[in-house]
Amino acid sequence: MDTETLLIIAFATFLFAGTMKGIVGIGLPSATVSILSQFTDPRHAIALLLLPSVISNVWQVYRTGYFMVGLRTLLPFAIMLFVFIWLFSQLAATLSVETLVLGCGVAIVLFVLSNVILKSYEIPPRLDFPFQIGAGLVGGIMGGLTAIWAPAMAPYLIGKKLSKDDFVGALGFLILAGTFPLLFGYIQAGLLTGERAVQSAIMIIPTLAGFWLGEQLRKRVDGKQFRALFLFVFFLMGINLIRRALF
């Protein structure tokens, strides 16, 4: 596929993914990686995601005012994410395309399942620290290889019984904590070239436009129905990526 056609597809993808994030608060990495991996190397898809992810999550954390709260309550989780995403992102350059496609597919399917089948439960205060360490380790490995670490965040954040606003703030804080080492790792591994950095910067525009549109639609659209449709579509995309890698 030529570069111009890919960028048109990417622009539409980031507009859609930004809109989805504006409506339901999640899904930017899952949407962009799952869609663009149908057309290009997952490493290229992840490289395009980096700058829009940084900017959109800085904005999300700023809007919720959760940064200092996150430092006080989620620091072990954030440190584990930072270290292991940085380490494993540098391995991405050595893996075959098929392995990365398989990893992305599995991560997307786990992301969907974690949002569908998790039941209500509560993490006792005495287990908070080990939960943060374990979830940060798993999320760091997944995030470094596939840029998707929501499957590790969801069980922990659901178990914390956070309010709606705190949940969105914590989500933004942990995504931001992982995005910076992913960016650094891709630069060190030579996967974020000057050309791809420019392309990634361009994708900030449709991401923020979609985010604004999603915030407006959130007032009119049934969020639960949209979220269910979104999860179903991306479950199919994850299965398709697994199929591509294996067959």
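I'll start with a contact: Leu100, Gly103, Cys104, Ala107 and Leu110 in H6 meet Met142, Leu145 and Thr146 in H7. Contact here means heavy atoms within 4.5 Å. By class, that contact has six nonpolar, two polar and no charged residues. For the classes, Ala, Val, Leu, Ile, Met, Phe, Trp, Tyr, Cys and Pro count as nonpolar, Asp, Glu, Lys and Arg as charged, and the others, Gly among them, as polar.

Some conventions before I go on. This is a predicted model, where local features need pLDDT of at least 70 and side-chain atom pairs count only at pLDDT 80 or more, while totals for chains, interfaces and linings use all residues. Residues are numbered from 1 along each chain as its sequence is written, and side-chain values use heavy atoms, with hydrogens and water left out. Helices (H or I, at least four residues) and strands (E, at least two) are DSSP runs, numbered from the N terminus.

Back to the first pair. Helix H6 covers residues 97–116 and helix H7 residues 128–146, and their axes come within 9 Å and cross at roughly 130°. That angle makes H6 oblique to H7. On the terms: axes are lines fitted to C-alpha atoms, for helices over the stretch in contact, and angles run from 0 to 180 degrees between N-to-C directions. Angles under 35 degrees count as roughly parallel, over 145 as roughly antiparallel, 65 to 115 as roughly perpendicular, and the rest as oblique. The crossing of H6 and H7 is left-handed, meaning that the near helix is turned anticlockwise from the far one by less than a right angle; clockwise would be right-handed.

Next, H6 with H8. Their axes come within 8 Å and cross at roughly 20°, so H6 and H8 are roughly parallel to each other. H6 passes H8 in a left-handed crossing. From H6, the contact uses Ala107, Leu110, Phe111 and Ser114, and these meet Ala150, Pro151, Ala154 and Ile158 in H8. The residues of this contact divide into seven nonpolar, one polar and no charged.

The crossing is left-handed. H7 contributes Asp128, Phe131, Gln132, Ala135, Val138, Gly139 and Met142, and H8 contributes Pro151, Ala152 and Tyr156. That contact has seven nonpolar, two polar and one charged residue.

How does the chain get from H7 to H8? Alanine 147 lies in the loop between H7 and H8. This alanine has a positive phi of about 70° although it is not a glycine. As background, most residues other than glycine have a negative phi. Alanine 147 is buried, because its relative accessible area is 2%. The cut-offs are under 20% relative accessible area for buried, over 50% for exposed, and partly exposed in between, with a 1.4 Å probe and protein chains only.

Lysine 161, in the loop between H8 and H9, also has a positive phi, of about 55°, and is not a glycine. At 42% relative accessibility, lysine 161 counts as partly exposed.

Now the charged pairs. How many salt bridges does a search of the whole structure find? The search finds two. A salt bridge is a side-chain nitrogen of Lys or Arg within 4 Å of a carboxyl oxygen of Asp or Glu.

One joins lysine 160 and aspartate 128, at 2.9 Å from N to O. Lysine 160 is in the loop between helix H8 (150–159) and helix H9 (164–188), and aspartate 128 is in helix H7, so the pair ties together parts that are 32 residues apart in sequence. Lysine 160 is partly exposed at 30% relative accessibility, whereas aspartate 128 is buried at 14%.

The other is between aspartate 41 and arginine 43, with the closest N and O atoms 3.2 Å apart. Aspartate 41 is partly exposed, with a relative accessible area of 23%; arginine 43, at 10%, counts as buried.

Two last items. Helix H2, residues 28–36, is mostly covered, with nine of its nine residues buried; among them are Leu28, Pro29, Val33 and Leu36. Leucine 236 is in helix H12, residues 223–246, and is partly exposed at 45% relative accessibility. From leucine 236 to arginine 72 the C-alpha to C-alpha distance is 38 Å, and the two are 164 residues apart in sequence.
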